[in-house]
Amino acid sequence: MPNLRLSFPWFDRRAFPVLAAVVAGLYLLEEVFTLREQHHGKAGRTVTNTAVAASGFTVARLLLLPIMVYAGEWADRRRFGLIQWLPLPRWARYAAGALLLDYTNYRWHTLTHRVSFLYRFHRVHHSDLDMDVTTGFRFHLGEQVFSIVYRGGMIALIGAPADLVLSYEAVFEGCTAFHHSNLRLPEAVENILARVMITPRAHGIHHSIVREEFDANYGVVFDFWDRLHGTHRMDVPQEAITIGLPAWRDPEELTVLKLHTMPADDIRPWALPDGTVPTRRVTVPQVWPS
Ligand SMILES: [Zn+2]
């Protein structure tokens, strides 16, 4: 059993308070500059998403992060991994490492949509009926657990040193909060950002109940990977998007307890409760009649 380090003073004392301030700022700002109209009560969703995040966050901080750092230290000690072998200056190896880490997270996200076992967990995240900054933390602890092997393995293959792993992780968390937020940026600003990174508009399309839109904009920080693989799209107006999963429209099925047991539920066909397959041409009620 590797000797895992659990204390990361820079991450916990410097990055974490900044991230908490970013989340709090986005939470307030999205109330003032609102991108998509909300239909399901922010207070209740905040409680639900925080409760789901609590168990997921515990796993992420006590297991995922220490193992990712361990993988980075292991690779660095042995001079193992792609960027360790590159005959480049240190800054260039770090830049390449950050890009590769982001690419592997793009790939992981596509796997959580395409591998049905992983999708069972990832659908907890997508089942939120509205999307805001709190959705960015609604990840089932199982998804965090199964990402450990993948993310740890990729860090070792890339040869990303521990300090790069921790700094990328801070950026990863900040960008996750940002692109899930319901923040309406001035269009000119968003258009500039959308040339390189995943923005709230881009990720709003990813949370659509229309299948082809749900399978788009998988990126975390940069959007190059979506452009490279043909999964990038920005052609859906935010007011036309219904957020969530088509087969899970009833808030009663999305309580904290039911979200924790959701991975064990059957995978339902990609259709609304009445059997209709949502497309851009089908008008879907934002609140499903009970
Ligand atoms: Zn997704």
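## A tour from Ser181 to the zinc site

Select Phe178 and Ser181: the backbone oxygen of Phe178 lies 2.8 Å from a polar atom of the Ser181 side chain. Keep in mind that this is a predicted model.

**Stop 1: around Ser181.** Stay on Ser181, in the loop between H7 and helix H8 (187-193). Is Ser181 buried or exposed? Its relative accessible area is 0%, under the 20% cut-off, so Ser181 is buried. Now show its neighbours. Leaving out residues up to four places away in sequence, Ser181 touches Leu26, Glu30, Arg36, Asp132, Val133 and Pro200.

**Stop 2: H1 against H7.** Phe178 also belongs to the contact between H1 and H7. Select residues 9-32 for helix H1 and residues 162-180 for helix H7. Their axes come within 10 Å and cross at roughly 10 degrees. That angle is under 35 degrees, so H1 and H7 count as roughly parallel to each other.

Show the side chains next. From H1, pick Trp10, Phe11, Ala15, Leu19, Val23 and Leu26. From H7, pick Leu166, Ser167, Glu169, Ala170, Glu173, Gly174, Ala177 and Phe178. Colour the residues of this contact by type: 10 are nonpolar, two polar and two charged. Leu26 is also one of the residues that Ser181 touches.

**Stop 3: the zinc ion.** Which atoms coordinate the zinc ion? Select NE2 of His109, His113, His122, His126 and His206; these coordinate the ion at 2.1 to 2.2 Å. Along the chain, the donors follow the spacing H-x3-H-x8-H-x3-H-x79-H.

Pick out His122 and His206. His122 sits in helix H5 (residues 116-126), and His206 in helix H9 (residues 200-206). The pair is 84 residues apart and links distant parts of the chain. Check the accessibility of both. His122 is buried, with a relative accessible area of 2%. His206 is buried too, at 0%.

**Stop 4: two positive phi values.** Most residues other than glycine have a negative phi. Go to Arg79, in the loop between helix H2 (42-78) and helix H3 (82-85). Its phi is near 50 degrees, a positive value in a residue other than glycine. Arg79 is exposed, with a relative accessible area of 53%.

Finish at Asn217, in the loop between helix H10 (211-214) and helix H11 (224-229). Phi of Asn217 is positive, near 55 degrees. Is Asn217 buried or exposed? Asn217 is buried, with a relative accessible area of 0%.

Notes:
Residues numbered from 1 in each chain as written. Predicted model: local features only at pLDDT ≥ 70, side-chain atom pairs only at ≥ 80, totals over all residues. Heavy atoms only, no water. Axes fitted to C-alpha atoms, helices over the stretch in contact; angles between N-to-C directions. Helix = DSSP H or I, 4+ residues; strand = E, 2+ residues; numbered from the N terminus. Parallel < 35°, antiparallel > 145°, perpendicular 65-115°, else oblique. Contact = heavy atoms within 4.5 Å. Nonpolar A, V, L, I, M, F, W, Y, C, P; charged D, E, K, R; others polar. Buried < 20%, exposed > 50% of the residue type's maximum accessible area, 1.4 Å probe, protein only. Polar contact = N/O pair within 3.5 Å; in protein donor to acceptor, adjacent residues only side chain to side chain. Donors = N, O, S within 2.8 Å, 3.2 Å for Na, K, Ca; no water.
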